[in-house]
Amino acid sequence: VPLMTLQNIAFDPPLPVALQDTANNSNAGRVAKAWAVCKSSSAPQETLNANGQLRYGYARQIDDQHWLLCGQILSDDPSALNSTDAANLIKANWPQTEIINAEIVDWPHEPLARASWHSSRVGWAEKTAAFQNPIGNLHFAGGDIAAKWAGWMEGALLSGQQVAARIASSGRA
């Protein structure tokens, strides 16, 4: 599970204070992720905006006329973003497109996550490395604490493989 969700899980015995602190403060990001299926006669360009709510946008081609547009949207507003907000921000970023459908996951407003994907601050790798060691029979795996590719799905998969191998070799599986 993402580190930020550990604050919603009761551990008995409790996690050490240093691990609780790391989990509770691990995420520096406040980003929602928006997707839109769009129609466009030309390839929508990747964008990186220093100003504006939609900071990074990229496109993936579906067929000759349709594209999947994805945007990372700052989400510091106390109210959650919805699919209409996503469509408006995507349309403002790629005005030449015709939006067919837009969806959003506003991670900071998801009740169990309460933050976007893991985004470490300087010096944070040493703190999250503590989760790579088991605490009794409790083993942690995931993209947030991966030794390689931290913050990415690839890291989550590698971390899961490493933990599974460790448990299998311990004879406690």
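**A quick tour of this predicted protein model**

Starting at the N terminus, the elements of the protein run α-β-β-β-β-α-β-α-α. That comes to 4 helices and 5 strands, where helices (H or I, at least four residues) and strands (E, at least two) are DSSP runs numbered from the N terminus. This is a predicted model, so local features need pLDDT of at least 70 and side-chain atom pairs count only at pLDDT 80 or more, while totals for chains, interfaces and linings use all residues. Residues are numbered from 1 along each chain as its sequence is written, and side-chain values use heavy atoms, with hydrogens and water left out.

**The whole protein**

- Picture a box of roughly 60 × 35 × 25 Å, taken along the principal axes: the C-alpha atoms fill it.
- Of the 173 residues, 34% are buried (under 20% relative accessible area, 1.4 Å probe, protein chains only).
- Among contacts (heavy atoms within 4.5 Å) with a separation of 6 or more, 62% come from residues 24 or more positions apart.

**A look at Thr 22**

- You'll find Thr 22 in helix α1, which covers residues 17-24.
- Thr 22 counts as buried because its relative accessibility is 4%.
- A polar atom of the Thr 22 side chain lies 3.0 Å from the backbone oxygen of Ala 18.
- Leaving aside residues up to four places away in sequence, Thr 22 touches Trp 124, Lys 127, Thr 128 and Phe 131.

How values were computed: Buried < 20%, exposed > 50% of the residue type's maximum accessible area, 1.4 Å probe, protein only. Polar contact = N/O pair within 3.5 Å; in protein donor to acceptor, adjacent residues only side chain to side chain.
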